Amino acid sequence: MTAGPVQEFACFTDYDKELVCHWKVPAQTNCSKEFLLCYSKKTSSEVNVCVPENEKDNLWCTCTICPDYFVSGLTYVLALQFNGTHMWNYSVTPALVVKPRAPKNLAIGKAENGNFNLSWEENYSPSSMLSGQPVIYELKYWRKQHPTEVSVKAINYRAKSFEITASSLRRGYDYVASLRCNYTDYPAYWSEWSEEVEFHCDYQVTAEDILQMAVPISCILIMAGSVICYFCFTKYVSYWL
């Protein structure tokens with residue numbers, strides 16, 4: 001939404017503690033002095049006030065509303081003021097703008113088979129609306145020395161761990177992994193990426209890996225040998241004819 005000095009007005013919620021609304025403003029704007037956000041539940045006449053703050057880059061104003069509760073039918077009516085003048089009304093239903101918290105407590109360890117087992121925890125308490133709800137995850141990992149070469153894996157089921165196969169990694173490199181989530185019943189936004197976890201790939205080549213590599217190499221060598229023998233044979237025959 002855009003109106004006067006306000007651009008890209010949007011709201012999102014963790015669906016547990018807070019509803020956050022922010023909007024883009026020109027540089028040097030003093031959010032707390034120039035703006036005021038009034039809000040009320042659609043079913044109530046009680047009006048509350050939120051005084052916005054500047055984000056660190058000073059290009060966004062942010063208002064954080066802390067409701068007493070969240071339910072699927074809850075809707076807020078917002079009214080934004082700029083220098084004391086009413087600009088417009090806006091309604092938001094928190095259940096439709098859920099941006100979940102990122103997974104927490106990422107940990108990675110080496111399994112007995114040499115692969116790397118990544119584990120994590122849901123970032124909600126058992127009493128939260130989102131606790132136990134169907135959730136999907138997206139994993140990304142990359143070589144620390146090559147951050148632009150990112151591998152992304154979709155984990156399309158409820159899980160709290162994922163095995164990264166050592167054979168898919170390059171031996172001798174440090175890797176970095178991060179995770180984000182999306183609740184399938186509240187799909188508006190993905191969470192932010194979690195805190196990163198680092199691990200080192202010292203993967204040792206196994207007999208099975210050698211066999212897997214040997215088979216295609218052997219096929220190539222056999223084919224190459226056959227071609228060479230064919231040309232040698234035809235050359236030999238043409239020589240004696």
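A residue is called buried when its relative accessible area is under 20%. In this predicted model, C63 has a relative accessible area of 0%, so C63 is buried.

**Strand β6 and its neighbours**

Strand β2, residues 19-24, runs antiparallel to β6 and is joined to it by six bridges. Within this pairing, C21 stands opposite C63. Strand β5, residues 53-54, also pairs with β6 in the antiparallel sense, over two bridges. There, E53 has T62 as its bridge partner. The hairpin of β5 and β6 has five residues between the strands, and N58 takes a positive phi near 60 degrees in it.

**Disulfides**

How many disulfides does the structure hold? There are three. Counting bonded cysteines along the chain, their pattern is 1-2, 3-5, 4-6. Such a link is a covalent bond between the sulfur atoms of two cysteines.

C11 is joined to C21 with an S to S distance of 2.1 Å. The torsion about this S-S bond is about 105 degrees, so the disulfide of C11 and C21 is right-handed. C11 lies in strand β1 and C21 in strand β2, ten residues apart. Both ends are covered: C11 is buried with a relative accessible area of 3%, and C21 is buried at 0%.

A disulfide also joins C31 to C61, with 1.9 Å from S to S. Its torsion is about -85 degrees, which means that the link of C31 and C61 is left-handed. C31 is in helix α1, residues 31-34, while C61 is in strand β6, 30 residues apart from it. C31 counts as buried at 0% relative accessibility, and C61 is buried with a relative accessible area of 0%.

C50 and C63 form a disulfide with an S to S distance of 2.4 Å. With -120 degrees about the S-S bond, this link is left-handed. Because C50 lies in strand β4, residues 48-50, and C63 in strand β6, the pair ties together parts that are 13 residues apart in sequence. C50 counts as buried at 7% relative accessibility.

C66 is in no disulfide, and the nearest cysteine sulfur, that of C50, is 8.6 Å away. At 55% relative accessibility, C66 counts as exposed. C181, in turn, is buried, with a relative accessible area of 3%.

**Salt bridges**

The structure holds seven salt bridges, including those in the table.

| Salt bridge | Closest N and O atoms |
|---|---|
| D16 and R101 | 2.7 Å |
| K99 and E192 | 2.5 Å |
| K110 and D202 | 2.7 Å |

Why does the pair of D16 and R101 tie together parts that are 85 residues apart in sequence? The reason is that D16 lies in the loop between β1 and β2, and R101 in the loop between β8 and β9. R101 is partly exposed, with a relative accessible area of 23%. D14, D16 and R101 are linked in a network of salt bridges.

The pair of K99 and E192 links the loop between β8 and β9, where K99 is found, to the loop between β14 and β15, where E192 is found, 93 residues apart. E192 is partly exposed at a relative accessible area of 48%.

K110 counts as partly exposed at 45% relative accessibility, and D202 counts as partly exposed at 35%.

Conventions. Residues are numbered from 1 along each chain as its sequence is written. This is a predicted model: local features need pLDDT of at least 70, side-chain atom pairs count only at pLDDT 80 or more; totals for chains, interfaces and linings use all residues. Side-chain values use heavy atoms; hydrogens and water are left out. Two strands pair if DSSP finds at least two bridges between them. Helices (H or I, at least four residues) and strands (E, at least two) are DSSP runs, numbered from the N terminus. A salt bridge is a side-chain nitrogen of Lys or Arg within 4 Å of a carboxyl oxygen of Asp or Glu. Buried means under 20% relative accessible area, exposed over 50%, partly exposed in between (1.4 Å probe, protein chains only). A disulfide is a pair of cysteine sulfur atoms within 2.5 Å.
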